[in-house]
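This report concerns aromatic rings and the charged groups placed over them. Please consult the sequence and the structure shown here while reading.

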Amino acid sequence: MLKIKQQHGLDQISPYVPGKPIEEVKRELGIEDVIKLASNENPLGASPMAQKAVENMLQETYLYPDGESYSLRKALAEKYNLAIEQVVTGNGADGVIMSLCMAYLDEKDEVIVSQSSFPVYDIFTNVMRGKLIKTPLLDFGLNLHAMLDAITEKTKIIFVCNPNNPTSTIVKADEVERFVKKVPDKVIVVFDEAYFEFVDDPDFPDTLPYVRNHVDNVMVMRTFSKVNGLAGLRIGYAFGTPELLAPMNVVKGPFSVNLLAQVAGVAALKDEDFIKQTVYENRQNREWLYQAYEHLGLFFVKSQTNFIMVKFGPKADVVNQELLKAGIIIRPCKAYGLPEYLRITIGSKEQNQRLIETLENIRSRTSAF
Ligand SMILES: *Cc1c(COP(=O)(O)O)cnc(C)c1O
């Protein structure tokens, strides 16, 4: 029995449950040929230019990284026409969420998130003993009206996941504009745009002008994990006014973005062919999957990302188990409060074909859906 008391309330928080790693499924089920469509990783792999940069840097890994990620922040600032002081980096966007919560949340501060949204907001809010206020979804999307209505004297942060994970929907430019105008300026609005590169809806908001125009309470958060294919290196970043970002630099720890990640990030930004190819193939494969799901008579939410949320009904969990047995890892949405849905990453053409064939097979053998 451990005699040491942990942080008050920590035993009430469940740790983040990531998509099962491929190796774990191989081990547990004794199968060799396993694919992962669970964590919205890039089916094309890692940005080739980033890979080269990492290879060239391997010999330098005896050195500590630049604690300020100067070159990476400068490259981001140049790409998005911002000042370097308006850029913060982190150990993944998750790391940025953590520093934001550490820097701003006091006990009992309120944080507004949507139901069925990204769970990392909940975790760090809870760790800081903030109070989570959850607003209901509207048509599988975030309900900004409900989020506004939920604001109180104690509200500190509102997380707007746009596009939303796991529903893959967006909130639109006009809604966002009205929303930001109404949020009190002592409340931070975080636009988590982890998937913005994949969006093709012309009504998606451009949030960077808030930062350029020195709106102090808006933060725009992004990542190298998805379109750049660098999930394993852990690099996220956010834009905000220097005043907003300053406290985060205090808490983020001295070397939160490692040496290889920093050079990979700089190179990945220049790898425009890879980004274009990723987005292009994602769209082709998304259309193919839409048709395949329709053909199977399955309801799905139209996607603005590299994943699709599909409704399998009351036995969605059986479908998940059957897919696993067939070597396909996907993400059940039970933990997101949508137990009848599975979130499935848009994979390569071959992966998607295997997925659909396996689903057809499951359907013919079982009554799971
Ligand atoms: C994947 C994801 C992130 C986290 O990205 P990392 O940089 O890998 O930590 C953040 N927000 C959303 C909505 C995501 O889906």
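Phe 224 and Tyr 237 are both buried in this predicted model. The side chains of Tyr 80, Phe 196, Phe 224, Tyr 237 and Phe 239 are linked by ring pairs into a cluster.

The charged end of Arg 222 sits over the ring of Tyr 80, 5.2 Å from the ring centre. Arg 222 also lies over the face of Phe 196, where the distance to the ring centre is 3.6 Å.

In total, 14 aromatic pairs are counted in the model. Two of them are set out below.

| Aromatic pair | Arrangement | Centre to centre | Between the planes |
|---|---|---|---|
| Tyr 121 and Phe 159 | stacked | 4.2 Å | 5° |
| Phe 224 and Tyr 237 | tilted | 5.3 Å | 55° |

The pair of Tyr 121 and Phe 159 links distant parts of the chain, its residues being 38 apart. Tyr 121 belongs to helix α5, which covers residues 120-127, while Phe 159 belongs to strand β5, which covers residues 155-161. Tyr 121 and Phe 159 are both buried. The angle of 5° between their planes lies under the limit of 30 degrees, and the pair therefore counts as stacked.

Conventions
Residues numbered from 1 in each chain as written. Predicted model: local features only at pLDDT ≥ 70, side-chain atom pairs only at ≥ 80, totals over all residues. Heavy atoms only, no water. Phe/Tyr/Trp six-rings, centres within 6.5 Å; stacked < 30°, edge-to-face > 60°. Helix = DSSP H or I, 4+ residues; strand = E, 2+ residues; numbered from the N terminus. Buried < 20%, exposed > 50% of the residue type's maximum accessible area, 1.4 Å probe, protein only. Lys NZ or Arg CZ within 6 Å of the ring centre and 35° of its normal.
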